[in-house]
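The structure under discussion is shown below.

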Amino acid sequence: MKNRLFRLCISFFILFIIIKNTNIDLSSIFSLIKKPLFLIYAIPIPLFIIPLIGNKRWKIFLKIQGINGRLFLLIKLYFMSIFFGILLPSSMGFDAVRIYMIEKRNKQKIGAGGASVFVDRLIGFFLLSLLGVIGAWVAQNHGVSSNVLFTALFINFFVISLFFVLRNKSLYSCVTSYLLKIKRRKKIIEYLTLAYSAINGFPLKKVILWTVPLILLGQLSTIFCGFLIFKAFAIDLPFFFHLTFLPLISIISIIPVSISGFGLREGGFVYFYGLFGVDSNISFFVSLLYYFVLMMIPAFIGMLLYLFGSDQIKSIKNELKQINDR
């Protein structure tokens, strides 16, 4: 509870700093939306396209781990995990709920469900950072600062290094022995152990060719959603600019220092799009709408599924505290 309150305070503090230092006028959002029809075009992406693509690949990851989940059930769990995960740390808090849900239903496969989600995310981070590098390289030829490309390359290098560390037994031993001396080491060690087991025990070669196109398609869908929201504000930036900025912002918002990435995401929008001269008011409001469309609308669907779902699924509510305490 204290950790959640602390992260909530950080979220509000970052938002306060952004609003204060960029002269954002919260009352101007409706006057800035010039083409609201583009918002309607964006809504089907998180409601149909992303859940279908994302859970199709999750089904593949689970199957290779010996878990046969029906696609409709996985989509249902996906929506409910967003509903429960919006108050968890970082923008990927719902992954913890997904792991809990799938492993609760497959107690004989403890660890397999978590491995499927973790490997999916690691591959996704790498591809997302790679998209950022490609977009930044193209954008550099159209006036964007080379610092953006260096940032994208650094994030890409960090993700690759993470893969290397987790696959190297000696490096892994050194890191864990060092972390044993750190306060609250138990949570960190458990997290790294899961990562190590997932990467080294997961049969990536069997699924990589089938899942990478689905991961890329899902990520491009979220970027296209941001593109449409900017269009609603009459900002007609070429798509490759969004291909540069949105992957970087998405990775930054994963840092678990705020609730659902609030503050980090908004700051990323204001900073990166400000490099190209987009008004800070518009960038800030696009960030809020981007989160609303991609997360809050699916969360509302998840709430309905939870309220009118089975008693077995409803029992998750009473055990969510276990997830937050891990």
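## Serine 283

Serine 283 has a relative accessible area of 0% and is therefore buried, the cut-off for that class being under 20%. The model is a predicted one.

This serine belongs to helix α14, which spans residues 280–307. Leaving aside residues up to four places away in sequence, serine 283 is in contact with Phe269, Val270, Tyr273 and Val278.

## Helices α4 and α5

Helix α4 (residues 44–64) and helix α5 (residues 71–85) cross at roughly 115 degrees, and their axes come within 9 Å. The crossing is right-handed.

On the α4 side, the contact is formed by Pro46, Leu47, Ile50, Pro51, Leu52, Asn55, Lys56, Trp58, Lys59 and Leu62. Helix α5 contributes Leu71, Leu74, Ile75, Tyr78 and Phe79. Classified by residue type, this contact comprises 12 nonpolar, 1 polar and 2 charged residues.

## Helices α7 and α8

The axes of helix α7 (residues 112–140) and helix α8 (residues 146–167) lie 8 Å apart, at an angle of about 155 degrees. Because of this angle, α7 is roughly antiparallel to α8, a term applied to angles over 145 degrees. The crossing of α7 and α8 is left-handed.

Residues of α7 in the contact include Leu122, Phe125, Phe126, Val133 and Trp137. Among their counterparts in α8 are Val148, Leu149, Leu153, Ile160 and Phe163. The contact of α7 with α8 contains 18 nonpolar and 5 polar residues, with no charged ones.

Terms used:
Residues numbered from 1 in each chain as written. Predicted model: local features only at pLDDT ≥ 70, side-chain atom pairs only at ≥ 80, totals over all residues. Heavy atoms only, no water. Helix = DSSP H or I, 4+ residues; strand = E, 2+ residues; numbered from the N terminus. Buried < 20%, exposed > 50% of the residue type's maximum accessible area, 1.4 Å probe, protein only. Contact = heavy atoms within 4.5 Å. Axes fitted to C-alpha atoms, helices over the stretch in contact; angles between N-to-C directions. Left-handed = near helix turned anticlockwise from the far one by under 90°. Nonpolar A, V, L, I, M, F, W, Y, C, P; charged D, E, K, R; others polar. Parallel < 35°, antiparallel > 145°, perpendicular 65-115°, else oblique.
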